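Hello,

Here is the structure I promised to hand over. My notes follow it.

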Amino acid sequence: MDCLFCKIIAGEIPSSKVYEDEYIYAFKDINPEAPCHVLVIPKKHIASMDEITKENSIYVAKIFEKIPEIAKLGGANNGYRVISNCGADAGQTVFHLHYHVIGGTELPIHVFPEK
Ligand code: 5GP
Ligand code: ZN
């Protein structure tokens, strides 16, 4: 399958690993928007949040069980934000489910800063 993040999981494309277990892989975003910007992905190909089902949601549960530890490993020691862009309007660019874990600095509260 021609999926960038499946290739990263397989080690075919190098990445800066933060955490890995049977279910999940976490690595530094190549274009970080904050001092801590880690992507957490399931080791099973799920295209987006729209594709989460009863059968594969164990991967999502495992991701969220580990996010507090991954945030600390990534350098967010004073809070963090979790974002998942789903579909065109949200600007999803890689169609393998991923959660951005962002922190390590004070973050702007609003999606639209002028609000
Ligand atoms: P999206 O826009 O789909 O929510 O997020 C995709 C993220 O993947 C972006 O933040 C982008 O910087 C990151 N990204 C894209 N290609 C690579 C890559 O080859 N390696 C890493 N580490 N991150 C990538
Ligand atoms: Zn994939």
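**Notes on the structure**

Glu-69 is partly exposed, with a relative accessible area of 38% (buried means under 20%, exposed over 50%, partly exposed in between; 1.4 Å probe, protein chains only). This is a predicted model: local features need pLDDT of at least 70, side-chain atom pairs count only at pLDDT 80 or more, and totals for chains, interfaces and linings use all residues. Residues are numbered from 1 along each chain as its sequence is written, chains are lettered from A and ligands numbered from 1 in the order in which they are written, and side-chain values use heavy atoms, with hydrogens and water left out.

**Salt bridges**

Glu-69 pairs with Lys-66 in a salt bridge, with 3.2 Å between the closest N and O atoms (the term means a side-chain nitrogen of Lys or Arg within 4 Å of a carboxyl oxygen of Asp or Glu). Both residues lie in helix H2, 3 residues apart, about one turn of the helix. Helices (H or I, at least four residues) and strands (E, at least two) are DSSP runs, numbered from the N terminus. Lys-66 is partly exposed at 25% relative accessibility.

The whole structure holds 4 salt bridges. Lys-17, Glu-20 and Lys-43 form a network of them. Lys-17 meets Glu-20 at 2.8 Å, N to O. Glu-20 meets Lys-43 at 2.9 Å, N to O. Glu-20 is in strand S1 (residues 17-20) and Lys-43 in the loop between S3 and H2, so this pair ties together parts 23 residues apart in sequence. Glu-20 is partly exposed at 33%, and so is Lys-43 at 29%.

**Ligand 1**

Of the 16 residues around ligand 1, those that come nearest include Lys-28 and Asn-85 (a residue counts if one of its heavy atoms lies within 4 Å). A polar backbone atom of Lys-28 is 2.9 Å from a ligand nitrogen. A polar side-chain atom of Asn-85 is 2.8 Å from a ligand oxygen.

Best wishes

Methods. Polar contact = N/O pair within 3.5 Å; in protein donor to acceptor, adjacent residues only side chain to side chain.
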